[in-house]
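Please keep the sequence and the structure in view while reading.

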Amino acid sequence: MKTIIEPFRIKVVEPIRLTTPEERRGLLAKAGWNLFALHADDVIIDLLTDSGTSAMSAEQWAAVMRGDESYAGSPSFYRFEAAVRELMPFRHVIPAHQGRAAEAILFSIVGGPGKVIPSNTHFDTTRGNIEATGATAVDLVIGEAHDFESPHPFKGNMDLARLERLLSEQGEHVPIVMLTVTNNAGGGQPVSLASIRSTAEIARRHGKPLIIDGCRFAENAWFVKCREPGQSGRSVKDIVRDMFAVADGMTMSAKKDAFANIGGWLALNDEKLAAAARNRLILTEGFPTYGGLAGRDLDAIAVGLGEIVDEQYLRYRVRTNEYIGEKLTALGVPIVRPVGGHAVFVDARRFLPQIPPLQYPGQSLAVALYESGGIRSCEIGTVMFGLKPDGSEVPAEMDLVRLAMPRRVYTQSHADYLVEVFEEVAGRRERLKGLRIVSQPRQLRHFTARFEPLA
Ligand code: F0G
């Protein structure tokens, strides 16, 4: 088979400033060994997130010029609405400035003390927005999701038996059922069409709306096409429509699978819920035909939605991560398998067994990748989840490092460089040490904590 090449040419470039390891050691010290505190132009390859970091196409930039900035009834809104409904046929499409804004609006209506909201795995902002209303967020992903070696093709699937039990036992407290596609917190793992349909069927039987967090819907549909029996001959667009046809609404961050740098939406079928959401939107985001966005942003999303379901793009997109995953595996770097749609997750606890979780093996690996190669990744482990509300600290369930791939931004030689940096870090892995935290806030400490390497 020939190389699966980047299915695009480069028309505009952004120079990367190349730093030296010595320079980076100084920058790390200044940043308190927290990669969030780095200046982005001191980063060579930025894999902190795939969110809002996509390269827009020539057509999207052309659409930006076409954007209409009318306060109400902008044609940009109608182009945006039509593009969403082409893929996700919901009756009401309500723009918001990003995913979490859509979540905040939804949960301000359906959340509240005593409520219980299940999902396969809630993303942090979703969980945060649920908990901010006093409700409880419950994760019901299948057991295979916790086994990094399990080759299960749909590790994002809902555990249907647990969902059924929750709805039977506590149904009166459950306002909606959620499902995240792909399951970001679980490693970007997909949910099968069969599982989406069964989740919808169970929710409907209990009289609960199913709301899909659709941030990476196209990557999910591509996995369905490649892995689910009977789906290989179907178009991604048809699979996407099927995924959403059984749902009652969705939240979306257009910063992921819409190739936009900002934006999102809440879509709903229910008239009353949509009316309540629009009232709330006017208070917090703006008039319902712009929702906190400029008209030009809505146009960029509309074009991006047409481009993201391109199967040549999706084949290349998923292949990039597989390629990196294969090379890392060959180097003996333990990763979460199969690799997900938007990122490669490295098991830092296994890679650096000499560093106990409370000395942050994920942070140590992330710091080493920056020091060796200027690569910025993100710890998803004890730094992120280890601090409890009462101030105590416990090891997180796992210590991972996420290498999230911006869309259409880096090329194969960047991927090869990343692998070479890993090779260098693997060569000195026994000598890597943990860190200690010297200052931290009481919540969401990973963004602002300062560290010190242990001698
Ligand atoms: N849902 C999922 C599954 C996400 O991954 C994110 C964002 C959101 C909701 C919130 O969307 O950022 O537009 O407000 N994930 C980013 C990440 C931040 O790096 O994974 P947002």
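## Helices α4 and α5

The crossing of α4 and α5 is right-handed. This and every other value in the report refers to a predicted model. Two packed helices are described by the angle between their axes and the distance between the axes. Helix α4 comprises residues 99-110 and helix α5 residues 124-132; their axes come within 9 Å and cross at roughly 30°. Since angles under 35 degrees count as roughly parallel, α4 is therefore roughly parallel to α5.

On the α4 side, the residues in contact are Arg100, Glu103, Ala104 and Phe107, and they meet Thr125, Thr126, Asn129 and Ile130 of α5. Sorted by class, the residues of this contact are three nonpolar, three polar and two charged.

## Helices α4 and α10

Helix α4 also packs against helix α10, which spans residues 271-284: the two axes come within 9 Å and cross at roughly 125°. This angle makes α4 oblique to α10. The crossing of α4 and α10 is right-handed.

From α4, the contact involves Ile105, Ser108, Ile109 and Val110. From α10, it involves Leu273, Ala276, Ala277, Arg280, Leu281 and Thr284. The contact of α4 with α10 has seven nonpolar residues, two polar and one charged.

## Aromatic pairs

The structure contains 12 aromatic pairs. One of them joins Phe8 and Tyr316 in an edge-to-face arrangement, with 5.5 Å from centre to centre and 80° between the planes. Phe8 belongs to the segment before α1 (21-30), whereas Tyr316 belongs to helix α12 (residues 311-330), so this pair ties together parts that are 308 residues apart in sequence. Phe8 has 26% relative accessibility and therefore counts as partly exposed. Tyr316, at 6% relative accessibility, counts as buried.

Another aromatic pair is formed by Phe77 and Tyr78. Its geometry is edge-to-face, with 5.2 Å centre to centre and 80° between the planes. Phe77 counts as buried because its relative accessibility is 5%, while Tyr78, at 45%, counts as partly exposed.

Notes:
Residues numbered from 1 in each chain as written. Predicted model: local features only at pLDDT ≥ 70, side-chain atom pairs only at ≥ 80, totals over all residues. Heavy atoms only, no water. Axes fitted to C-alpha atoms, helices over the stretch in contact; angles between N-to-C directions. Helix = DSSP H or I, 4+ residues; strand = E, 2+ residues; numbered from the N terminus. Parallel < 35°, antiparallel > 145°, perpendicular 65-115°, else oblique. Left-handed = near helix turned anticlockwise from the far one by under 90°. Contact = heavy atoms within 4.5 Å. Nonpolar A, V, L, I, M, F, W, Y, C, P; charged D, E, K, R; others polar. Phe/Tyr/Trp six-rings, centres within 6.5 Å; stacked < 30°, edge-to-face > 60°. Buried < 20%, exposed > 50% of the residue type's maximum accessible area, 1.4 Å probe, protein only.
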